Amino acid sequence: MIDLRDADARTRAPSRLAQFGIREPHLPIEPRAMGALRELREAGGPDKSALAAIMFEVYRRFVNEHTPVFASLLRLVADEATPLPLVVHCTAGKDRTGLAAAILLSLAGEPHDTIVAAYTQTETKIAGPFAAS
């Protein structure tokens, strides 16, 4: 189990897996867009172009600022000592986890179109407070 949540998310919802002896490496990816997204929501809902700009910036930061985290994830996956099956998660399971899954699928040889289709499907499958309104 690899936890990509930031420190605040881990504080708000701490993992209970250690009590079962499950190791959970913490590889934090700080999304840093939540404040801007909350402001949009409080202002009456996100304008699609503003939302797209924020999410573009989020993904740009994932790549530019969190390369070492993704490198650590790849080392863990490649390490024969890492117990399998392996679960990677964040708060909603779409953006940080989605990018991590896309990288892993790409390295495993999945076609680009298949990866994009699988990622796009998360928008329709996500539930709860993270569902698109």
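The model is a prediction in which local features require pLDDT of at least 70 and side-chain atom pairs count only at pLDDT 80 or more, whereas totals for chains, interfaces and linings use all residues. Residues are numbered from 1 along each chain as its sequence is written, and side-chain values use heavy atoms, with hydrogens and water left out.

The chain contains six helices and two strands, assigned as DSSP runs numbered from the N terminus (helices: H or I, at least four residues; strands: E, at least two). Along the sequence, these elements follow the pattern β-α-α-α-α-β-α-α. Of the 133 residues, 27% count as buried; here buried denotes under 20% relative accessible area, exposed over 50%, and partly exposed the range in between, with a 1.4 Å probe and protein chains only. Contacts are defined by heavy atoms within 4.5 Å. Among contacts between residues at least 6 apart in sequence, 63% join residues at least 24 apart.

Two helix pairs involving α4 were examined. Axes are lines fitted to C-alpha atoms, for helices over the stretch in contact, and angles run from 0 to 180 degrees between N-to-C directions. Angles under 35 degrees count as roughly parallel, over 145 as roughly antiparallel, 65 to 115 as roughly perpendicular, and the rest as oblique. Helix α3 (residues 48-65) packs against helix α4 (residues 67-78) at an angle of about 70 degrees, and the two axes are 5 Å apart. The helices α3 and α4 are therefore roughly perpendicular to each other. Phe 62, Val 63, Asn 64 and Glu 65 of α3 make the contact with Thr 67, Pro 68 and Phe 70 of α4. By class, this contact of α3 with α4 comprises four nonpolar, two polar and one charged residues. In this classification, Ala, Val, Leu, Ile, Met, Phe, Trp, Tyr, Cys and Pro are nonpolar, Asp, Glu, Lys and Arg are charged, and the others, Gly among them, are polar.

The axes of α4 and helix α5 (residues 96-107) come within 11 Å and cross at roughly 55 degrees, and the two helices are therefore oblique to each other. The crossing of α4 past α5 is right-handed; a crossing has this hand if the near helix is turned clockwise from the far one by less than a right angle, and is left-handed if anticlockwise. On the α4 side, the contact is made by Phe 70, Leu 73, Leu 74 and Val 77, and on the α5 side by Arg 96, Leu 99, Ala 100, Ile 103, Leu 104 and Leu 107. The contact of α4 with α5 has nine nonpolar, no polar and one charged residues.

Rings of Phe, Tyr and Trp (its six-membered ring) pair if their centres lie within 6.5 Å, with planes under 30 degrees apart counted as stacked, over 60 as edge-to-face and the rest as tilted. The ring centres of Tyr 59 and Phe 62 are 5.3 Å apart and the planes lie at 65 degrees, so this pair is edge-to-face. Tyr 59 and Phe 62 are three residues apart in helix α3, and are separated by about one helical turn. Tyr 59 is partly exposed at 23% relative accessibility, whereas Phe 62 is buried, with a relative accessible area of 1%. Tyr 59 also forms an edge-to-face pair with Tyr 119, at 6.5 Å centre to centre and 90 degrees between the planes. Because Tyr 59 lies in helix α3 and Tyr 119 in helix α6 (residues 112-125), this pair ties together parts that are 60 residues apart in sequence. Tyr 119 is partly exposed, with a relative accessible area of 25%. The ring pairs link Tyr 59, Phe 62 and Tyr 119 into a cluster.

Glu 30, in the loop between α1 (7-12) and α2 (34-42), is partly exposed at 30% relative accessibility. Its C-alpha atom is 9.7 Å from that of Ala 9, which is 21 residues away in sequence. Not counting residues up to four places away in sequence, Glu 30 touches Asp 6, Ala 7 and His 66. The peptide bond from Leu 84 to Pro 85 is cis, with omega near 0 degrees, and Pro 85 is located in the loop between α4 and β2 (88-89). Ile 126, in the segment after α6, is buried at 15% relative accessibility. The C-alpha atoms of Ile 126 and Lys 94 are separated by 7.8 Å, although the two residues are 32 residues apart along the chain.
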